[in-house]
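Good morning, and thank you for making time for this item.

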Amino acid sequence: MLLFNIPLSKLPAMNLDPLTIFSFIWFISCWYFYTLFAKIAAKKRNSLSSVLYRYRKEWIKKLASSGISEVDAELLASLEKQVSFLASTSLLILATLVTVLSTASDTFMNMTSLRFVAEAPLEVVQLKLLLMIIIFVYGFFTFTWSLRQYGFCFVLFSSSFNTVKYYNDGNQHKAQVVSRDFNAMAKVLDRAAHSYNYGIRAYYFAVAALAWFINDWMFIATCAVVVLVLYRREFKSDSLKAMVAARLVENVHDEDEVTFD
């Protein structure tokens, strides 16, 4: 049984420092607006999302002509293992956070001797722990949804890339082979990757939330650093430049869209 040590009568009277409130709003704003920015910017400029989407469509195009091979199946399985590992890690972190939350005490929270670590009431510390728990719950849900979508990809790619439609022609039943919507199949693979990306982003911002236990200013600065790191890796990384260069273009949005026969 969890002991939150926050009587309901105390919640309305809890005194929160204005800087603490601002830092929390700053955290939510950084996460939300960066996600919005990354989604919009990826439609106009090179990013990991926009470049990898084109590679995924080419992968589907190859599968449509040759079918899924052992190498392709192994690649999908490798992607699933990565997501499964992080989903399991999220559960372990959640179990640890819940344990700390249930056993937190004033003595335990105030035993630090570091001057730059701000002392905070037990109720505030528990609210910070709750924030961490919410972040990893969100990460767990996004990773497991990504895992399920990769499972959908296994079913789609392992089945025929053509749909057989039966119809009546007079007194005879005939069959017509129709190619499936490969764009839709690529979309499923892309959505699985996006869910994985959202989960990874939650881990980054969990690191920022961890700085809140030090002090509010460190929390604010760490949020800004996390946004900068995410931006550089998604839009300015050497890996991105190499993948764009491999396509022999400066901007992947200038090349012809990958089409299916």
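The lining of the second largest pocket divides into four nonpolar, six polar and eight charged residues. By class, Ala, Val, Leu, Ile, Met, Phe, Trp, Tyr, Cys and Pro count as nonpolar, Asp, Glu, Lys and Arg as charged, and the others, Gly among them, as polar. Please bear in mind that this is a predicted model, in which local features need pLDDT of at least 70 and side-chain atom pairs count only at pLDDT 80 or more, while totals for chains, interfaces and linings use all residues. Residues are numbered from 1 along each chain as its sequence is written, and side-chain values use heavy atoms, with hydrogens and water left out.

The volume of this second largest pocket is about 410 Å³. A pocket here is an open set of points on a 1 Å grid over the protein atoms alone, where a 1.4 Å probe fits, with protein on both sides within 12 Å along at least five of seven lines; lining residues have an atom within 4 Å of a point. Volume is the space filled by probe spheres set on the points, which are joined across faces, edges and corners.

Of its 18 lining residues, Ala42, Lys43, Asp190, Arg191 and His194 are the closest to the centre. Two or more lining residues come from each of α1, α2 and α6, and α6 gives the largest share, seven. Helices are DSSP runs of H or I, at least four residues long, numbered from the N terminus.

Turning to the largest pocket, its space is about 630 Å³.

Finally, consider the loop between α1 and α2, where asparagine 46 is found. Is asparagine 46 buried or exposed? Asparagine 46 counts as buried because its relative accessibility is 16%, buried meaning under 20% relative accessible area, exposed over 50%, and partly exposed in between (1.4 Å probe, protein chains only). Its C-alpha atom is separated by 5.9 Å from that of asparagine 251, which lies 205 residues apart from asparagine 46 along the chain.
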